[in-house]
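Subject: Structure handover

Hello,

I am passing on the structure we spoke about, with some notes on what turned up in it. Please look through it with the text below beside you.

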Amino acid sequence: MLAAGVGLFVIGARGLFKRLIAGLPEADEGRADSVAGQWASIGVFLFGIFIAGAGLVGSAFNFSNSFQMVFLGVDVEGELMSIKKDPDSPDAGRPRFFVTVRYDGTDGRSHEQTLHVGYSYGGSLRERQERATPEAPYRPIFRYVPGSPETLVLARYVDGPLEYIWFFVWRIAFIYVGICGILRNLPGGGGRAAQPGVPAHTSRSPHAQAPGRPIPRPHPARGGGGGFGRRGA
(Lines give C-alpha, C1' and ligand atoms only; values in the text may rest on other atoms or scores of the structure.)
Protein backbone atom coordinates (compact mmCIF):
# COMPACT_ATOMS: atom_id res chain seq x y z
CA MET A 1 0.00 0.00 0.00
CA LEU A 2 2.80 2.37 0.85
CA ALA A 3 4.44 1.76 -2.54
CA ALA A 4 1.17 2.52 -4.33
CA GLY A 5 0.74 5.69 -2.30
CA VAL A 6 4.27 6.81 -3.08
CA GLY A 7 3.59 6.18 -6.77
CA LEU A 8 0.49 8.38 -6.62
CA PHE A 9 2.43 11.12 -4.87
CA VAL A 10 5.21 11.00 -7.48
CA ILE A 11 2.72 11.26 -10.35
CA GLY A 12 0.90 14.18 -8.76
CA ALA A 13 4.08 15.97 -7.74
CA ARG A 14 5.52 15.50 -11.25
CA GLY A 15 2.49 17.16 -12.82
CA LEU A 16 2.61 20.01 -10.31
CA PHE A 17 6.33 20.48 -10.96
CA LYS A 18 5.69 20.72 -14.70
CA ARG A 19 3.06 23.37 -14.10
CA LEU A 20 5.39 25.38 -11.89
CA ILE A 21 8.20 25.21 -14.45
CA ALA A 22 5.79 26.33 -17.18
CA GLY A 23 4.64 29.24 -15.04
CA LEU A 24 1.09 27.93 -14.70
CA PRO A 25 0.15 29.27 -18.16
CA GLU A 26 -3.21 27.58 -18.62
CA ALA A 27 -5.73 25.53 -16.63
CA ASP A 28 -5.09 22.41 -18.73
CA GLU A 29 -1.31 22.42 -18.31
CA GLY A 30 -0.01 19.00 -17.23
CA ARG A 31 -3.12 17.24 -18.51
CA ALA A 32 -2.81 14.11 -20.64
CA ASP A 33 -2.89 14.87 -24.39
CA SER A 34 -5.20 12.03 -25.44
CA VAL A 35 -8.51 10.75 -24.09
CA ALA A 36 -6.94 7.35 -23.44
CA GLY A 37 -4.13 8.99 -21.49
CA GLN A 38 -6.64 11.00 -19.46
CA TRP A 39 -8.61 7.90 -18.47
CA ALA A 40 -5.40 6.03 -17.66
CA SER A 41 -4.39 8.88 -15.35
CA ILE A 42 -7.83 8.88 -13.75
CA GLY A 43 -7.49 5.13 -13.11
CA VAL A 44 -4.13 5.62 -11.38
CA PHE A 45 -5.50 8.41 -9.20
CA LEU A 46 -8.59 6.36 -8.29
CA PHE A 47 -6.39 3.45 -7.25
CA GLY A 48 -4.29 5.73 -5.07
CA ILE A 49 -7.40 7.23 -3.46
CA PHE A 50 -8.68 3.72 -2.72
CA ILE A 51 -5.39 2.71 -1.08
CA ALA A 52 -5.17 5.85 1.07
CA GLY A 53 -8.89 5.94 1.82
CA ALA A 54 -9.00 2.31 2.96
CA GLY A 55 -6.45 3.06 5.68
CA LEU A 56 -8.42 6.11 6.85
CA VAL A 57 -11.72 4.22 6.96
CA GLY A 58 -10.16 1.33 8.87
CA SER A 59 -8.62 3.71 11.40
CA ALA A 60 -11.84 5.65 11.87
CA PHE A 61 -13.55 2.68 13.55
CA ASN A 62 -10.79 2.48 16.18
CA PHE A 63 -9.86 6.16 16.28
CA SER A 64 -10.98 6.81 19.85
CA ASN A 65 -9.04 3.88 21.34
CA SER A 66 -5.90 4.41 19.27
CA PHE A 67 -5.86 8.17 19.94
CA GLN A 68 -6.13 7.63 23.70
CA MET A 69 -3.48 4.91 23.63
CA VAL A 70 -0.97 7.13 21.77
CA PHE A 71 -1.55 10.44 23.55
CA LEU A 72 -2.99 9.43 26.94
CA GLY A 73 -1.50 5.97 27.48
CA VAL A 74 0.79 5.26 30.43
CA ASP A 75 3.78 2.90 30.33
CA VAL A 76 4.08 0.39 33.18
CA GLU A 77 6.25 -2.62 33.95
CA GLY A 78 4.40 -5.90 33.78
CA GLU A 79 5.10 -9.21 35.49
CA LEU A 80 4.42 -12.25 33.34
CA MET A 81 2.36 -14.63 35.42
CA SER A 82 1.80 -17.31 32.77
CA ILE A 83 2.11 -17.95 29.05
CA LYS A 84 -0.03 -20.77 27.66
CA LYS A 85 -0.76 -21.98 24.17
CA ASP A 86 -4.29 -21.62 22.93
CA PRO A 87 -5.53 -25.19 22.34
CA ASP A 88 -8.13 -23.92 19.88
CA SER A 89 -5.61 -22.25 17.55
CA PRO A 90 -6.49 -23.09 13.92
CA ASP A 91 -2.82 -23.45 12.98
CA ALA A 92 -1.14 -26.00 15.22
CA GLY A 93 2.30 -25.07 13.86
CA ARG A 94 1.86 -21.38 14.78
CA PRO A 95 -0.42 -21.37 17.84
CA ARG A 96 -1.71 -18.30 19.60
CA PHE A 97 -1.03 -17.71 23.29
CA PHE A 98 -2.83 -16.58 26.42
CA VAL A 99 -0.52 -14.23 28.34
CA THR A 100 -1.44 -13.21 31.87
CA VAL A 101 0.20 -10.01 33.11
CA ARG A 102 0.18 -8.35 36.51
CA TYR A 103 1.03 -4.66 36.85
CA ASP A 104 0.61 -1.72 39.19
CA GLY A 105 -1.65 0.96 37.77
CA THR A 106 -1.49 4.71 38.22
CA ASP A 107 -4.33 4.40 40.73
CA GLY A 108 -2.04 2.51 43.12
CA ARG A 109 -3.87 -0.76 42.65
CA SER A 110 -2.52 -4.02 41.24
CA HIS A 111 -4.23 -5.22 38.07
CA GLU A 112 -4.11 -8.55 36.30
CA GLN A 113 -4.97 -8.86 32.63
CA THR A 114 -4.94 -11.81 30.21
CA LEU A 115 -4.03 -11.05 26.61
CA HIS A 116 -4.79 -13.27 23.61
CA VAL A 117 -1.79 -12.74 21.35
CA GLY A 118 -0.35 -14.11 18.14
CA TYR A 119 2.41 -16.66 17.65
CA SER A 120 5.32 -14.25 17.19
CA TYR A 121 4.22 -11.97 20.04
CA GLY A 122 3.59 -14.77 22.54
CA GLY A 123 6.62 -16.78 21.43
CA SER A 124 8.90 -13.77 21.94
CA LEU A 125 7.56 -13.19 25.46
CA ARG A 126 7.93 -16.85 26.39
CA GLU A 127 11.50 -17.02 25.05
CA ARG A 128 12.55 -13.96 27.03
CA GLN A 129 10.87 -15.24 30.16
CA GLU A 130 12.71 -18.57 29.91
CA ARG A 131 16.07 -16.75 29.74
CA ALA A 132 15.27 -14.59 32.77
CA THR A 133 16.70 -15.33 36.24
CA PRO A 134 15.56 -14.36 39.76
CA GLU A 135 18.41 -11.86 39.86
CA ALA A 136 17.47 -10.41 36.46
CA PRO A 137 13.74 -10.96 35.96
CA TYR A 138 12.13 -10.09 32.66
CA ARG A 139 9.58 -7.32 33.15
CA PRO A 140 8.38 -6.06 29.75
CA ILE A 141 6.94 -2.58 29.34
CA PHE A 142 3.23 -2.39 28.67
CA ARG A 143 0.95 0.54 27.96
CA TYR A 144 -2.66 1.09 28.93
CA VAL A 145 -5.18 3.89 29.16
CA PRO A 146 -5.77 4.90 32.80
CA GLY A 147 -9.19 3.78 33.93
CA SER A 148 -9.33 1.05 31.28
CA PRO A 149 -7.16 -1.93 32.35
CA GLU A 150 -8.51 -4.00 29.45
CA THR A 151 -6.62 -1.78 26.97
CA LEU A 152 -3.24 -3.19 28.09
CA VAL A 153 -0.84 -3.84 25.18
CA LEU A 154 2.91 -4.25 24.76
CA ALA A 155 4.33 -0.73 24.51
CA ARG A 156 6.69 -1.60 21.62
CA TYR A 157 3.67 -2.04 19.33
CA VAL A 158 2.24 1.43 20.02
CA ASP A 159 3.12 4.19 17.54
CA GLY A 160 4.67 7.42 18.74
CA PRO A 161 2.75 10.71 18.35
CA LEU A 162 4.61 11.77 15.18
CA GLU A 163 4.17 8.35 13.57
CA TYR A 164 0.48 8.41 14.42
CA ILE A 165 -0.03 11.89 12.93
CA TRP A 166 2.00 11.01 9.82
CA PHE A 167 -0.28 8.00 9.24
CA PHE A 168 -3.17 10.41 8.58
CA VAL A 169 -1.23 13.26 6.97
CA TRP A 170 0.20 11.33 4.02
CA ARG A 171 -3.12 9.60 3.30
CA ILE A 172 -5.05 12.88 3.32
CA ALA A 173 -2.37 14.43 1.07
CA PHE A 174 -2.62 11.54 -1.42
CA ILE A 175 -6.41 11.78 -1.51
CA TYR A 176 -6.17 15.51 -2.21
CA VAL A 177 -3.63 14.96 -4.99
CA GLY A 178 -5.80 12.20 -6.43
CA ILE A 179 -8.96 14.33 -6.50
CA CYS A 180 -7.09 17.19 -8.16
CA GLY A 181 -5.64 14.80 -10.72
CA ILE A 182 -9.06 13.31 -11.54
CA LEU A 183 -10.67 16.74 -11.97
CA ARG A 184 -7.81 17.86 -14.20
CA ASN A 185 -7.98 14.79 -16.43
CA LEU A 186 -11.75 14.50 -16.81
CA PRO A 187 -12.46 14.70 -20.58
CA GLY A 188 -13.79 18.17 -21.30
CA GLY A 189 -13.60 19.24 -17.69
CA GLY A 190 -10.00 20.15 -16.98
CA GLY A 191 -9.06 22.83 -19.43
CA ARG A 192 -10.18 26.12 -20.93
CA ALA A 193 -12.50 25.82 -23.92
CA ALA A 194 -11.00 27.24 -27.08
CA GLN A 195 -13.02 29.81 -29.04
CA PRO A 196 -13.66 29.23 -32.76
CA GLY A 197 -10.76 30.53 -34.82
CA VAL A 198 -8.66 31.31 -31.75
CA PRO A 199 -5.80 28.97 -30.76
CA ALA A 200 -5.96 27.59 -27.20
CA HIS A 201 -2.43 28.76 -26.36
CA THR A 202 -1.18 32.11 -27.60
CA SER A 203 2.11 33.78 -26.92
CA ARG A 204 2.88 37.48 -27.04
CA SER A 205 5.62 38.56 -29.40
CA PRO A 206 8.23 40.84 -27.89
CA HIS A 207 7.28 43.36 -30.64
CA ALA A 208 3.55 43.08 -30.08
CA GLN A 209 1.72 46.37 -29.62
CA ALA A 210 0.73 47.07 -26.03
CA PRO A 211 -2.83 48.37 -25.58
CA GLY A 212 -3.19 52.13 -25.24
CA ARG A 213 0.21 52.93 -26.78
CA PRO A 214 0.31 54.83 -30.14
CA ILE A 215 1.79 53.04 -33.11
CA PRO A 216 5.11 54.66 -34.10
CA ARG A 217 5.16 55.97 -37.69
CA PRO A 218 8.28 56.03 -39.93
CA HIS A 219 9.89 59.42 -40.37
CA PRO A 220 10.31 60.72 -43.95
CA ALA A 221 13.83 60.79 -45.30
CA ARG A 222 15.66 64.02 -44.76
CA GLY A 223 16.36 66.21 -47.73
CA GLY A 224 13.26 65.82 -49.90
CA GLY A 225 10.06 64.02 -50.50
CA GLY A 226 10.55 60.60 -51.81
CA GLY A 227 14.10 61.31 -53.07
CA PHE A 228 13.02 63.51 -56.10
CA GLY A 229 14.19 66.87 -54.69
CA ARG A 230 12.37 70.20 -55.00
CA ARG A 231 12.10 70.15 -58.78
CA GLY A 232 10.36 66.81 -59.03
CA ALA A 233 10.68 64.39 -61.86
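A crossing of two helices counts as left-handed if the near helix is turned anticlockwise from the far one by less than a right angle. The model is predicted, and in it the crossing of α2 and α5 is left-handed.

These two helices cover residues 35-60 (α2) and 161-185 (α5), and they pack with their axes 8 Å apart at an angle of about 155°. Angles over 145 degrees count as roughly antiparallel, so α2 is roughly antiparallel to α5.

On the α2 side, the residues in contact include Q38, F45, I49, G53 and S59. Among those they meet in α5 are F168, R171, I175, G178 and N185. The residues of this contact comprise 14 nonpolar, eight polar and one charged.

Next, the nonpolar cores. The largest one has 15 residues, and L80, V99, Y121, F142 and L152 have the most contacts inside it. At least two residues each come from β1 (74-85), β2 (97-104), β3 (110-117), α4 (119-131), β4 (141-145) and β5 (148-154). β2 gives the largest share, four residues.

As for V99, leaving aside residues up to four places away in sequence, V99 touches L80, S82, I83, Q113, T114, L115, V117 and L125.

Another core, of six residues, lies apart from the largest one; V70, V158, Y164 and F168 are among its members.

Regards

How values were computed. Residues are numbered from 1 along each chain as its sequence is written. This is a predicted model: local features need pLDDT of at least 70, side-chain atom pairs count only at pLDDT 80 or more; totals for chains, interfaces and linings use all residues. Side-chain values use heavy atoms; hydrogens and water are left out. Axes are lines fitted to C-alpha atoms, for helices over the stretch in contact, and angles run from 0 to 180 degrees between N-to-C directions. Angles under 35 degrees count as roughly parallel, over 145 as roughly antiparallel, 65 to 115 as roughly perpendicular and the rest as oblique. Contact means heavy atoms within 4.5 Å. Ala, Val, Leu, Ile, Met, Phe, Trp, Tyr, Cys and Pro count as nonpolar, Asp, Glu, Lys and Arg as charged, and the others, Gly among them, as polar. A nonpolar core is a set of buried Ala, Val, Leu, Ile, Met, Phe, Trp, Tyr and Cys residues joined through side-chain atoms within 4.5 Å. Buried means under 20% relative accessible area, exposed over 50%, partly exposed in between (1.4 Å probe, protein chains only).
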